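These are my notebook entries on what I looked up in one structure.

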Amino acid sequence: MMIKHFLLLCLLIHSANGAGKRAADPPPLEKKWLTLHGGDPLVVANGGLSGVFPESSWGAYSFGIPQSLLGSAMLCDLKLSKDGFGYCLSRLLLQNTTTVADTFPKLRRTYDVNGQKLTGWFGIDFNAQTLFENVTLIQSLFTRTASFDNSYTISSPESLEQLGTEKDVPTVWINVEYDMFYKQHKLSVKSYLLEMMQAVKINVAYISSPEIGFLKSVGPKAKPAKIFLKFPNDMNAVEPSTSQKYGSLIKDLAMVKTFAEGILVPKELIWPVSKDRYLEPSTTLVTDAHKQGLEVFAYGFANDNYIPYNYSLDPANEYLQFIDNSHFSVDGVVTDFCSTASNVIACLAHNKNASRALRKLVISHNGASGDYPGGSDLAYQKAMDDGADIIDCNVQLSKDGVAFCQDSADLKFTTTAGTDFMDRVEQIEGVNDGQPGIFSFGLTWVEIQSLKPKIKSPYEAPLDRNHAYQFSGKFMTLADFLDLAKAKAVPGVMVGLENVAYLATKGRDLIATVTSALNNASFDKQSKQKVMIKSDESSVLLKFKSNPNYEKVLEFKKDFSSVPGNLAAEVSKYADSVAMRRNSLVLEYGDPYYMTRNFTNVVQAMHSANVSVYASNLKNEFQSFLFDYNSDPYQEIATLLSMGVDGLITDFPATAVAFLKSPCSDPKAKLAYTISAIAPGDMFMNSVAPLIPDFDPKQINGSSYPALASKDIVPEALPPVANPNASSSAPDSSTTNTSAPPPPPKDSSSAGFAPTNIIALSLVALAGILFPYSL
């Protein structure tokens, strides 16, 4: 076991030294900060890069250093063993972060800790050698990878010395939570800490504790380390050495200043969050503390938290709220994802009015559908406000021929049709992948207008989208959409067509409808605003070939592992560009690893045929990212752009635009720190594969998509548009209730709805929950 850990340590040192984002280049331009002393906010890595590796493990620390800004601090939550040696672990109880319960099942104990009875496994029941040699670390959160479980032993503060070099001593933050508890068991945190600081070559620059007595006793002897009073989440908790509630102590910052240089507080004490997860007005805590000369550090940051809806599920927005508002800035942040905090401070802050450093197209996906119902007026307005280059309308037809914008002809998940028109479920071969749906062409425009648009969230609560606006906005007809684009002078529009062949058999000419709308809005005879025509059927794109001003976009709704060169040339016969799912651009190692494997040749092959490539569809939900992206949308964007994609199709245009405004998006810029693209497969091969017994790459579950084939490209002839009068009396191949009742009342039940359709619809909904990565 110990040999295994030693080999892994060597590999990690090699990987971490080679994976750095820093370069020996000129320092970045100075930015104006509202911190106490005017300098950059400090990044404090909570147990290292603990959002990826088990917290306080060597992996978390060794990867945290190169993925953080120079001078960032590595936080060690100091605990003591039975024989007085220190180790780094956030919790007093060991069972949720280590294998101690499995290794020593009979050593479960109960102790009184600051007036509370706690039961579990405590470090004070083990000698240091027993802990370090027999107990390994595990990830404590199910949202994080378990690939590194049982791979690292517990770290000591002394081991952090190995993170540095002769010229670069690591900066360390020591947090001490239970000094009085240890004193009750005749252990001295103070003695251990002061001796360790003298003996080990690390820079203990910060010491924090929620216990005032400990800080007063250690502070004068620990100089030049800065002393911080840590406030817990519970303001009704009692500080053990003064017997005062923390809610009272935080109102007496002048007293805190007598023994401390700063305060460490939960982020909610600065920006409170309502019960329905929206931000409330900020408190005056930061400005009040700064007036007293106290620094303020906020803790509790993590990319995989369920953050307030105001942030559009973008973790960078949360950091910006604390460091880049016009009123104050915290002096530092304690985070499980030091890479993201560093990205924000170095690359994303102070860029609100910046022009783009990199010119790539940002294309909305049903407008800003991550914030408002897709295809609604609110979604389009948000996309334009966010700086999208192209707003898109996927055109659907109502039963009476009204063209409007909606993600899919199936209205179950994007409107309230799933409750209002349960009796209209149909199952039509060749439409909606053969799955049952409530289709737009089965409802009149009046019936559709009786519905409400609905946000389509790929995940259930609490990872849902903008809950308060779930049923907001108005439907947009294609004509209204085009008028809006002209009135707002949007750089371009993308109009999507689907189900063209089926609609033709029902007497509806979608191509003619779209062509007429574009002509009526004068988009056909101008070149100032870009016009893109998107379809997954090359035969549809051929119908628009006659207008050279239109860019034809072939959309692939399936994933592919590669593109043969001759087929890329075949694509160019029908399309100027392709919309490729991101899984077709970066392949992955599947369950249980969920990490990148390698790039495909899609971009290279398409570019060789003079075909542009747009990556689709980007999201911000942390659960949508492979683990080596660090749950960070900017890490994925940087990686996709490093491949040479020409644009991004996204539910969250603001995130893509923010990246492109960043100086770090310019690959030619010489910066001290940048948002680096990941190298697919590096984390798995260097950090996971060595842990797998008898590793055989062929036995690892990975994405196994087919190569692009001719049948995926070559057009099928479109049927002629049928006589609508004739089709109305012809038998339908769908399975449905063929009557057309008026819109049911809002509280209508599904009595009389075919049971088989109820089962089918339920299965579709369940599939969306169980397999969200396919959305």
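**Entry: Ser662.** I looked up the contacts of Ser662 (heavy atoms within 4.5 Å) and found Cys347, Leu348, Asn351 and Ala357, with residues up to four places away in sequence not counted. Ser662 sits in the loop between α23 (653-661) and α24 (682-688); helices (H or I, at least four residues) and strands (E, at least two) are DSSP runs numbered from the N terminus. I record Ser662 as buried because its relative accessibility is 0%, where buried means under 20% relative accessible area with a 1.4 Å probe and protein chains only.

**Note on the model.** The model is predicted, so I note that local features need pLDDT of at least 70, that side-chain atom pairs count only at pLDDT 80 or more, and that totals for chains, interfaces and linings use all residues. Residues are numbered from 1 along each chain as its sequence is written, and side-chain values use heavy atoms, with hydrogens and water left out.

**Entry: Tyr372.** I located Tyr372 in the loop between β14 (361-364) and α13 (377-385). Tyr372 is buried, at 18% relative accessible area. Beyond its neighbours within four places in sequence, Tyr372 contacts Leu378, Ala379, Lys382, Ile455, Asn466, Tyr469 and Ser472. For Tyr372 and Lys382, 10 residues apart along the chain, I noted a C-alpha separation of 8.2 Å.

**Entry: nonpolar cores.** I then looked up the nonpolar cores, sets of buried Ala, Val, Leu, Ile, Met, Phe, Trp, Tyr and Cys residues joined through side-chain atoms within 4.5 Å. The largest has 202 residues, and Ile270, Leu478, Leu497, Val571, Leu585 and Met606 touch the most other members. Helix α12 (residues 338-348) gives this core its largest share, seven residues. Domain 1 (43-90 + 150-348) and domain 2 (361-691) each supply at least three residues to this core; the bounds come from an automatic or database domain assignment. Another core, of 12 residues, lies apart from this one and includes Ala205, Phe228, Tyr299 and Val334.

**Entry: cavities.** How many cavities of 30 Å³ or more does the whole structure hold? I found five, a cavity being a set of points on a 1 Å grid over the protein atoms alone where a 1.4 Å probe fits but cannot get out. The largest cavity holds about 70 Å³, a volume being the space filled by probe spheres set on points joined across faces, edges and corners. Its lining (residues with an atom within 4 Å of a point) includes Asn303, Tyr306, Leu463 and Phe622. Domain 1 (43-90 + 150-348) and domain 2 (361-691) each contribute at least three residues to that lining.

Key:
Buried means under 20% relative accessible area, exposed over 50%, partly exposed in between (1.4 Å probe, protein chains only). On a 1 Å grid over the protein atoms alone, a cavity is a set of points where a 1.4 Å probe fits but cannot get out, and a pocket is an open set with protein on both sides within 12 Å along at least five of seven lines; lining residues have an atom within 4 Å of a point.
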